[in-house]
Amino acid sequence: MLTLDALHLSFGGVAALAGVSLHVDAGDFFAIIGPNGAGKTSVFNCISGIYAPTRGRILFEGKDITALKPHQRAQLRIARTFQNIALFRGMTVLDNVKIGRHVHLRSGVLACGVYYGRAAREERLHRAAIEREIIDLLELQDIRHQIVGTLPYGLQKRVELARALALDPVLLLLDEPTAGMNAEETEDMVRFILYVKQVKRLTVVMIEHDMGVVMDISDRVAVLDFGQKIAEGAPAFVQRDPVVIKAYLGEDFQVA
Amino acid sequence: MDTATLPRLLAAQALRLGRRQAALREKKYGIWQEVTWEEYAACVRAVCLGLAALGLERGEKVALISGNRPAWPYVELAAQSLGAIPLGIFVDALPEQVRAVLEHSEARIVLVEDQEQADKVLSVRDAVPRLRWIVVDDMRGLETYRDPMLVSLAEVTARGREEERRAPNRYDTMLADGAGTDVALLAYTSGTTGASKAAMVSHRNLLAMATGVAQVDPVREGDQIVSFLPFAWVGEQLISVAIALHVGATVNFAEKPETTREDLREIGPHVVIAPPRFWETMCSEYQVRIAGAGWLKRRAARLAFALGTRALAGDAQAGRRQWNTRVLRGLARLLAFRSLHDKFGLSRIRYAYTGGAPLGPEIFRFFRATGLNLKQVYGQTETAGICVLHPDDDVRAETVGKPAPGTRVRVAETGEILVAGDSVFLGYYKDPAATARALDDGWLHTGDAGTLDARGHLVMIDRLQDVLRLADGSRFSAALIENKLKFSPYVREAVVIGADRPYVVALIQIDIDNVGSWAEASRLPFTTFQDLSHKTEVTALVEAVVTRVNGELPAPARIVRFALFDKELHADDGELTRTQKVRRGAIQDKYRDMITALYASTEVPAPPLAAGGVR
């Protein structure tokens, strides 16, 4: 489904990524882990088109998307969430989610301005889909009309997931979805992620620091260190890899 | 021959109202979806035949563990249609409690709302071998379960439709076999006074009561009712099932429990019944909002309240509504209360009831002063909900009103309230001893102490066993003092003790929200509930409340000492009932040390009182 082929990315003299190759199969739950500064988010930024890799190729469903603009990749139904919440804080939950859907609106500025016939119909259909597939799924009914900035952090993270889902993605990139959450919020979030993945048959790539979460829910794990992939495989396998333990988990890491 | 049953009433209303009127409305996917009377009846028919296909037979029990959603009345009325007996279990019941009820009731089928409740039942099913099927309303998350006991409500309905095609008259035959004297539901009483019992309430009981109430307060066809209190509570059964079926009112279901407040506003119900806690919370919230508002709004609110109170007093004196109080009321509405009613979704209310426990007269008067037609009702599970209520033109805070038509009330020499009439229940399920204690020659012994006044109004004092015999020999209601305390937004719960003791003491639970914001405003840092209730500043705050209340009490009933709970009382810890009423027995047991400490001093200390004594 998604293949990164020897991705290089450098900022001036600093090599953020030095030849990272990954392959994610359709339906996989793929986790990327690694210490701070290992290049995890850079990989995401390359996939979603925010950074252009210095060298290397990105293939999505067999097609080379390396040269595509971010919005074109969104149209291919690649959605992502951000490590630091990237929502419109002054707008309502529903409006934020609707913006996630905007890329799929076919009516032009003029038709939407007149808002009659097809444009109105189209928006109603999208709204119904949002209610059915997102608000209901992520249990956002009670905060639908609240301003995002007034919500607690854990909920904002869920709204961010909702905004990404509004794109109706086939590939979902999650950048530390449970960062900064307490145990209960984390459990809720993981439940939601697993649930939407199952219901919407998504392929998920996730960056995560919480080892418990990674080991519990991912099918495959890739470990990055200094812009290079140092290991890849099933969670249990990666967990035992001496190179990984040394580089990332630390000498004392106890397998739970 | 008494043939009126709830499902027959549904069939009759479906015939009469058909597609003209909505019977149920549910907010789903952000939009209100209507179910007409015809569809309602068709759904009940299908579910009924589906349950029959699962092997359910006349006289067997069906348990329901679900929040307020259409599935509840569907399954309840379906079970009643075939002569089975539904019983409700509160959604927050612990697995152990679920097991106890399933075992006691010998339920064959249980309807569960979702995965959470299904898991609860699955975890105890080995202990209840008589249970055959678990019917699930919302299958979300259960797709991967492979359990032969699980079946979705949709599947049951589908099987029922199939059965209907095969035998189109079967449902009508089953319906014709029902009689009004049949048990319509098993109502597990909330157990403020100990272990819960299952009251057998008949169709006739419920319908007698619905008819009686509708005679006093004519609820009309097409009126909006919001169903948001647990169906396992008899008050909800009365309004959302019996009265709604009786008059053809529309029952609305909120989207989720969390959205109830917002949905209440969207619906604008005409009738609402709620326990005192609901009104107490609303009143506290209003007080806190006003206290935090600007100068102008505060003045407007105070003026509006003064006008409203004047209007009430004027009407009470004249015994009817007059034009000059009408003007006062109108002004008060404009100043503050119109927006208050609007905010809380009370704008269209014709009848609002408070029942289940006594509501403090201060809160009662507050809502009356805002122009809301709030009425006290008195009743219990054993009388199918309401048996005494205020007529529109004779509402007084001190009383709970007059007996509804068809109900007789008298007070025994012991001071106990006795009730007779068509709404008095059949007895306790599998408990003839308790039935014999409760029913004596058609008179129900309520266990409540009260008096009848000159105008035929019932005055409810308290539970017989909670009536305080004070040091000077007079009798006084603990609940009255508790309600005075709870009128303060800072007090969430209060337990007053003093029966057979040298003086009166109180255990108080602060309201974490309101005391929390008070602490924030006074720059008092705190972490948890426990931390907050241990602050000396908070003790001083509550002491001020106690001092104010003492000013309104006769000397022997004054609270001499009080202590604050350092945790929130909770039903899971056995401190509250599932309807959020305090269980005094359990609390006196659990907090014995605290109470002993309050009585530790040898001489009687003076109660805290404002300078100048009684106002």
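Q: Let's start with chain B. How many helices and strands does chain B have?
A: Chain B has 21 helices and 27 strands. Bear in mind throughout that this is a predicted model.

Q: And how compact is chain B for its length?
A: Its radius of gyration is 25 Å, close to the 25 Å given by the globule rule for 615 residues, so chain B is as compact as a globular protein of that length. Along the principal axes, the C-alpha trace of chain B spans about 80 × 55 × 55 Å.

Q: What share of the residues in chain B is buried?
A: Buried residues account for 49% of the 615 in chain B.

Q: Nice. Now the helices: at what angle do helix 12 and helix 14 of chain B cross?
A: Roughly 95°, with the axes of helix 12 (residues 295–318) and helix 14 (residues 361–369) of chain B coming within 8 Å. An angle from 65 to 115 degrees counts as roughly perpendicular, so helix 12 of chain B is roughly perpendicular to helix 14 of chain B.

Q: Which residues meet there, between helix 12 and helix 14 of chain B?
A: Helix 12 of chain B brings B:F305, B:G308, B:T309 and B:L312, and helix 14 of chain B brings B:R365, B:R368 and B:A369. By class, that contact between helix 12 and helix 14 of chain B has 3 nonpolar, 2 polar and 2 charged residues.

Q: I clicked on B:E236. Is B:E236 buried or exposed?
A: B:E236 is buried, because 21 other C-beta atoms lie within 10 Å, and the cut-off for buried is 20 or more. B:E236 sits in helix 9 (residues 234–247) of chain B.

Q: What does B:E236 touch?
A: Leaving out residues up to four places away in sequence, B:E236 touches B:S227, B:L229, B:P230 and B:F231. There is also B:G385, 149 residues apart from B:E236 along the chain, with 8.6 Å separating the two C-alpha atoms.

Q: And B:D393, where is B:D393 found?
A: B:D393 is in the loop between strand 15 (388–389) and strand 16 (402–403) of chain B. With 9 other C-beta atoms within 10 Å, B:D393 is exposed. The C-alpha atoms of B:D393 and B:A316 are separated by 9.1 Å, and these two residues are 77 apart along the chain.

Q: Over to chain A. What is the secondary structure of chain A?
A: Chain A comes to 10 helices and 10 strands. The C-alpha atoms of chain A fill a box of roughly 65 × 40 × 30 Å along the principal axes.

Q: How does the radius of gyration of chain A agree with a compact globule?
A: Chain A has 19 Å, which agrees with the value near 18 Å that a compact globule of 256 residues would have. Of those 256 residues in chain A, 36% count as buried. For contacts in chain A between residues at least 6 apart in sequence, 66% join residues at least 24 apart.

Q: How do helix 3 and helix 6 of chain A cross?
A: Helix 3 (residues 93–101) and helix 6 (residues 153–165) of chain A have axes that come within 7 Å and cross at roughly 35°. The crossing of helix 3 and helix 6 of chain A is right-handed.

Q: Which residues make the contact of helix 3 with helix 6 of chain A?
A: From helix 3 of chain A, A:V93, A:N96, A:V97, A:I99 and A:G100; from helix 6 of chain A, A:V159, A:A162, A:R163 and A:A164. The classes in the contact of helix 3 with helix 6 of chain A are 6 nonpolar, 2 polar and 1 charged.

Q: Backbone next. What is the phi of A:E139?
A: A:E139 has a positive phi of about 55° although it is not a glycine. Most residues other than glycine have a negative phi. A:E139 is in the loop between helix 5 (118–135) and helix 6 of chain A, and A:E139 is partly exposed, with 13 other C-beta atoms within 10 Å.

Q: And what about A:E176?
A: A:E176 is not a glycine either, and has a positive phi of about 50°. A:E176 lies in the loop between strand 7 (171–175) and helix 7 (183–200) of chain A. A:E176 is partly exposed, with 19 other C-beta atoms within 10 Å.

Notes: Residues numbered from 1 in each chain as written. Chains lettered and ligands numbered in written order. Predicted model: local features only at pLDDT ≥ 70, side-chain atom pairs only at ≥ 80, totals over all residues. Axes fitted to C-alpha atoms, helices over the stretch in contact; angles between N-to-C directions. Helix = DSSP H or I, 4+ residues; strand = E, 2+ residues; numbered from the N terminus. Left-handed = near helix turned anticlockwise from the far one by under 90°. Contact = placed C-beta atoms within 7 Å. Nonpolar A, V, L, I, M, F, W, Y, C, P; charged D, E, K, R; others polar. Rg over C-alpha atoms; globule rule 2.2 N^0.38 Å. Buried ≥ 20, exposed ≤ 12 C-beta atoms within 10 Å, placed from the backbone. Parallel < 35°, antiparallel > 145°, perpendicular 65-115°, else oblique.
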